[in-house]
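Dear colleague,

Please find below the sequence and the structure that I am handing over to you. My notes on what was found follow directly after them.

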Amino acid sequence: MERKRIQDTELLVSPFGLGTADAGVAWKEEDADKIIGTYLDLGGNVVDTAHVYSDWVPPEISRSERVIGDWLARSKKRNEIVLVTKGGHPSMLGENPDMHRSRMRKENMAEDLDGSLMKLRTDHIDLYFYHRDDVTIPVEETIDVMEEFVKQGKIRYYGCSNWSPERMRAADAYCREKGLRGFIANQMLFNYGTKYMKPMADDTLCSMDDEMYRYHRENSRNLAMPYMGICSGFFHSFERKGAEAVKESPYYTEGNMQAAEQLRKLKEKYGANTTQILLGFFTVQDFPCLPLYGTGKPERLKEAADAFSITFEKEDFEENRF
């Protein structure tokens, strides 16, 4: 897979990142060598985690970071990856976590970052994200906190996850005024089915919409890093089990039933599988995208990587693009 430089940075990145929210849960930690090793062998180099992964599965907290840190210690391949993690997420501990109880103050971010460095067994993070936003905190303050982490040598670059275009524009303006690089990437819910899906139960998640699409067209320095890149398996389940199996999904809409039929035609056109078509969607956008893809099966990583050797056409996805 060909690597490209994130604009105005030193980071060369592969076409898709390896999502590791399921590390130590859906796939065993001893499988990390094979899974991450396969991803690296294919040319991948972006390993994405978060300090909160997977606190919702007791008793261990920051399990994903710990699994990745153990792999880094064993493999000695820290310099071969672009290490991505996130902080500032609301606590997921307890029976009914309150997703609106913000943890984005400086002290929260510092605590999470130091915890991430310890779990990951590294002295710096290549790309560090605000995992949520708190609109009561001025963007100037949030940027200054990240810049302090950069000066301390704890992070190289920073980004935002689940921020509105309005807040990102405000942050961009402040960074231009101060001569700062600012956010180099934005993580949002974006995929083949986003345009027609119903709202997610968690309203702290930010999805791609017309306004955010316009923002990224106008701000290519902020790389789009979509999560839930294969629609949480919606189209896979629909193909295998039918509508009854997916009718409770937020993706289950008339628009996405039509998208499923188009997906079937594209599979025939390109001789590709469902995952490859869903990842191919990101290659025809009006701005650079680096989708995240997670799996516990190394063979699926090879299938995913092959998607980026197919030359898709924008017209293939016209009804699903914003």
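In this predicted model, helices α5 and α6 are roughly parallel to each other, because the angle between them, about 25 degrees, falls under 35 degrees. Their axes lie 9 Å apart; α5 spans residues 165–178 and α6 spans residues 210–218. On the α5 side the contact is made by Pro165, Glu166, Met168, Arg169 and Asp172, and on the α6 side by Glu211, Met212, Arg214, Tyr215 and Glu218. By class, this contact holds 4 nonpolar and 6 charged residues, with no polar ones.

From α7, the residues Phe234, Phe235, Phe238 and Glu239 meet Asn256, Met257, Ala259, Ala260, Leu263 and Lys267 of α8. The residues of this contact comprise 7 nonpolar, 1 polar and 2 charged.

Helix α7 itself covers residues 234–241, and its buried residues are Phe234, Phe235, His236 and Ser237. Among the elements covering these buried residues are α8 (254–270) and α9 (274–280). After α7 comes glycine 242, which has a positive phi, near 90 degrees.

Helix α7 also has a part in the largest pocket, to whose lining it gives the largest share, 3 residues. This pocket has a volume of about 1,200 Å³. It is lined by 43 residues, and those closest to its centre are Ala21, Asp22, Met228, Ser232 and Gly294. The elements that contribute two or more residues to the lining are α7, α9, β10 (292–293) and α10 (298–306). By class, the lining of the largest pocket consists of 16 nonpolar, 18 polar and 9 charged residues.

The second largest pocket has a volume of about 590 Å³. Its lining is formed by 29 residues, with Glu2, Lys4, Pro15, Pro288 and Cys289 nearest the centre. Strand β1 (4–5) and helix α10 each supply at least two residues of that lining. The lining of the second largest pocket divides into 16 nonpolar, 7 polar and 6 charged residues.

Two individual residues remain to be described.

Is arginine 63 buried or exposed? With a relative accessible area of 7%, arginine 63 is buried, because the cut-off for a buried residue is under 20%. Arginine 63 is found in helix α2, which runs over residues 63–75. Apart from its neighbours within four places in sequence, arginine 63 is in contact with Ala23, Gly24, Val25, Tyr53, Ser54, Val57 and Pro58.

Serine 116 has its place in helix α3, residues 106–120. Serine 116 has a relative accessibility of 0% and therefore counts as buried. Which residues does serine 116 touch, not counting those up to four places away in sequence? They are His51, Glu65 and Thr85.

With kind regards

How values were computed: Residues are numbered from 1 along each chain as its sequence is written. This is a predicted model: local features need pLDDT of at least 70, side-chain atom pairs count only at pLDDT 80 or more; totals for chains, interfaces and linings use all residues. Side-chain values use heavy atoms; hydrogens and water are left out. Axes are lines fitted to C-alpha atoms, for helices over the stretch in contact, and angles run from 0 to 180 degrees between N-to-C directions. Helices (H or I, at least four residues) and strands (E, at least two) are DSSP runs, numbered from the N terminus. Angles under 35 degrees count as roughly parallel, over 145 as roughly antiparallel, 65 to 115 as roughly perpendicular and the rest as oblique. Contact means heavy atoms within 4.5 Å. Ala, Val, Leu, Ile, Met, Phe, Trp, Tyr, Cys and Pro count as nonpolar, Asp, Glu, Lys and Arg as charged, and the others, Gly among them, as polar. Buried means under 20% relative accessible area, exposed over 50%, partly exposed in between (1.4 Å probe, protein chains only). On a 1 Å grid over the protein atoms alone, a cavity is a set of points where a 1.4 Å probe fits but cannot get out, and a pocket is an open set with protein on both sides within 12 Å along at least five of seven lines; lining residues have an atom within 4 Å of a point. Grid points are joined across faces, edges and corners, and a volume is the space filled by probe spheres set on the points.
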